[in-house]
Amino acid sequence: MALTLFSRRPTPVASPAAEPEPWPETGETWQPEGITVVERYWTQVHAVVLVYTAAQGYRHNVACLGCHYQQTQYKAHYSSPLTLEQAAELANTHAAQCRAVPREIPARPDEPAARELLRAAVRGMRQRDRGTFSFSDLDTQRLVLQRTNDWIVDELGRMADEEPDVLKASVSEYGTTFYIQKLPGR
Ligand SMILES: [Zn+2]
């Protein structure tokens, strides 16, 4: 019985090149809606530390996507916003020290979830006296909220209609100002 050692089978049609498994996104290219990533730093275990701006381009924020480190001010008692240089210094220092591995980046919330995130944040601002809503109060939450400034303004308008005891809107020629209403009895 002859072994057909050299028999040739039809050449198989080349299978399409397998797509390489996408590397899990840990923040290398992440650009969530509503913020601008200005710089990225890497920790020793490749977690990303972001320097970003949100509503106001001169206010820099630092956020680690490994641990939950966030900074919006240079020192706790120093109330000026972070300059890019200060933010870069903090991010770099943190990246050199942080041992956290990359955590999963937050998924973009759907509309009801985003709306509730915003409303919960605004309700949380009622602890203080009645005050003007400032976008900077949301800076640290923008990585989770992942919405544009316009979306936030629209939603605040809706909230002012539906929850007037929490938020009031005042429209002038310069735009809409929102006032956080203080808690009853305070
Ligand atoms: Zn960290």
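Helices (H or I, at least four residues) and strands (E, at least two) are DSSP runs, numbered from the N terminus. The model is a predicted one, in which local features need pLDDT of at least 70 and side-chain atom pairs count only at pLDDT 80 or more, while totals for chains, interfaces and linings use all residues. Residues are numbered from 1 along each chain as its sequence is written.

Of the 186 residues of the protein, 22% count as buried. A residue is buried if 20 or more other C-beta atoms lie within 10 Å of its own, exposed if 12 or fewer, and partly exposed in between, with C-beta atoms placed from the backbone. Among contacts between residues at least 6 apart in sequence, 57% join residues at least 24 apart; two residues are in contact if their C-beta atoms, placed from the backbone, lie within 7 Å.

We can turn next to the strands. An open sheet of four strands runs in the order β1-β2-β3-β4, and its pairing is antiparallel. Two strands pair if DSSP finds at least two bridges between them. At the edges of this sheet are β1 (36–42) and β4 (70–71), each of which pairs on one side only. Strand β2 (residues 48–53) is joined to β1 by six bridges, and the two run antiparallel; here Val-37 has Tyr-52 of β2 as its bridge partner. The loop between β1 and β2 holds His-46. The phi of His-46 is near 70°, a positive value in a residue other than glycine. Most residues other than glycine have a negative phi. His-46 is also exposed, because 12 other C-beta atoms lie within 10 Å.

How covered is strand β3 (residues 60–64)? It is mostly covered, with five of its five residues buried. His-60, Val-62 and Cys-64 point one way from β3, while Asn-61 and Ala-63 point the other way, and all are buried. The sheet continues from β3 to β4 through a hairpin of five residues, and these strands pair in the antiparallel sense over two bridges. Ala-63 stands opposite Gln-70 in β4.

Six bridges join strand β6 (residues 167–172) to β7, and the two strands run antiparallel. The hairpin that joins β6 to β7 passes through two residues, and Ser-172 stands opposite Gly-175 in β7. Strand β7 (residues 175–180) is also joined by two bridges to strand β5 (residues 131–132), again antiparallel, with Thr-132 opposite Tyr-179.

Helix α2 (residues 111–124) and helix α4 (residues 149–162) pack at an angle of about 65°, and their axes are 11 Å apart. Axes are lines fitted to C-alpha atoms, for helices over the stretch in contact, and angles run from 0 to 180 degrees between N-to-C directions. The two helices are therefore roughly perpendicular to each other, given that angles under 35 degrees count as roughly parallel, over 145 as roughly antiparallel, 65 to 115 as roughly perpendicular and the rest as oblique. Which residues make the contact of α2 with α4? From α2 come Arg-115, Leu-118, Arg-119 and Val-122, and from α4 come Ile-152, Glu-155 and Met-159. By class, this contact has four nonpolar, no polar and three charged residues. Ala, Val, Leu, Ile, Met, Phe, Trp, Tyr, Cys and Pro count as nonpolar, Asp, Glu, Lys and Arg as charged, and the others, Gly among them, as polar.

Not counting residues up to four places away in sequence, Met-159 touches Arg-119, Val-122, Val-166 and Leu-167. Met-159 is partly exposed, because 19 other C-beta atoms lie within 10 Å. Met-159 and Ala-169 are 10 residues apart in sequence and 9.3 Å apart in space, C-alpha to C-alpha.
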